Amino acid sequence: MQVVMGRLRDVFVPDDFRAWLSRLFFGVAEGAEDERGRLTMAGIFRSLKRVLTGQVIRQSDIQIMNGTCVLSLRVKRESGSGRFYVVLAAKASGNYQYYPLEPDEFERLFDAAIETRVALQPEIGEAPKL
């Protein structure tokens, strides 16, 4: 395996980096930024609304870290438009983090999870167990 050293900013296109930071630190949904890439109050409130409201259609919880943390994937439906979206929640000893995801963002997360699972297989050529 080859390890290449570099700067984090070289990995991201600047606009992608701002969007990534917004979602990482604020759980802000895509489209929450203005034309200059700045977070808008409307975008932040939209993300909060999606986390706090909407009908939960399906929820899957996974305990990690010896049961001290719970990861939760929730498929939700917006009350007004009826659109579906996913909320990834992490709950650990008083610390709650919520990340609303558009369906295409969830698809990218799912694809990355499959790629990671394949990388965890002990021998090359072994079919991943999905």
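Modeller: Before we start, a strand here is a DSSP run of E of at least two residues, and strands are numbered from the N terminus. With that in mind, arginine 77 sits in strand S2. Bear in mind too that this is a predicted model.

Colleague: Okay, and what is the overall layout of helices and strands in the chain?

Modeller: There are three helices and four strands. Read from the N terminus, the order is α-α-β-β-β-β-α.

Colleague: Back to arginine 77, then. Why is arginine 77 called partly exposed?

Modeller: Arginine 77 has a relative accessible area of 31%.

Colleague: Which residues is arginine 77 in contact with, once neighbours within four places in sequence are left aside?

Modeller: Its contacts are Gly54, Gln55, Ile57, Gly82, Arg83, Phe84 and Tyr85. What makes each of these a contact is having heavy atoms within 4.5 Å. As for valine 56, its C-alpha lies 6.6 Å from that of arginine 77, although the two are 21 residues apart in sequence.

Colleague: Take one of them. Why does the pair of glutamate 78 and arginine 50 count as a salt bridge?

Modeller: The closest N and O atoms of glutamate 78 and arginine 50 are 2.9 Å apart. The limit is 4 Å, so the pair qualifies.

Colleague: And what makes you say that this pair ties together parts of the chain?

Modeller: Look at where the two partners are. Glutamate 78 is in the loop between strand S2 (69-77) and strand S3 (84-92), while arginine 50 belongs to helix H2 (residues 41-52), so the bridge joins parts that are 28 residues apart in sequence.

Colleague: Is glutamate 78 buried or exposed?

Modeller: Buried. Its relative accessibility is 18%, and anything under 20% gets that label. Arginine 50 is buried as well, at 2%.

Colleague: What does glutamate 78 touch, leaving aside neighbours within four places in sequence?

Modeller: Arg46, Arg50, Arg83 and Tyr85.

Colleague: Which arginine forms a salt bridge with glutamate 102 at 2.7 Å?

Modeller: Arginine 50; the 2.7 Å is between the closest N and O atoms. Glutamate 102 lies in the loop between strand S4 (95-101) and helix H3 (103-120) and arginine 50 in helix H2, so this bridge ties together parts 52 residues apart in sequence. Glutamate 102 has a relative accessible area of 9%, and a value under 20% means buried.

Colleague: What makes glutamate 102 and arginine 83 a salt bridge?

Modeller: Their closest N and O atoms are 2.9 Å apart, which is within the 4 Å limit. The bridge links distant parts of the chain, as glutamate 102 is in the loop between S4 and H3 and arginine 83 in the loop between S2 and S3, 19 residues away. Arginine 83 comes out at 38% relative accessibility and counts as partly exposed.

Colleague: Which residues do salt bridges with shared partners join into one network?

Modeller: Arg50, Glu78, Arg83 and Glu102.

Colleague: How do you know that arginine 50 lies over the face of tyrosine 85?

Modeller: The distance from arginine 50 to the ring centre is 4.1 Å. The cut-off is 6 Å, together with an angle within 35 degrees of the ring normal.

Colleague: Why is asparagine 66 called exposed?

Modeller: Asparagine 66 is at 83% relative accessibility, and the label needs over 50%. Methionine 65, at 56%, counts as exposed too.

Colleague: Last one: which residues make the nonpolar surface patch?

Modeller: Phe45, Leu48 and Leu52, with about 350 Å² between them. Phenylalanine 45 is in helix H2.

Key: Residues numbered from 1 in each chain as written. Predicted model: local features only at pLDDT ≥ 70, side-chain atom pairs only at ≥ 80, totals over all residues. Heavy atoms only, no water. Salt bridge = Lys/Arg side-chain N within 4 Å of Asp/Glu carboxyl O. Buried < 20%, exposed > 50% of the residue type's maximum accessible area, 1.4 Å probe, protein only. Patch = residues over 30% accessible without salt bridge, like charges linked within 9 Å, V, L, I, M, F, W, Y side chains within 5 Å. Areas by Shrake-Rupley, 256 points an atom, 1.4 Å probe, with all protein chains shown as cover.
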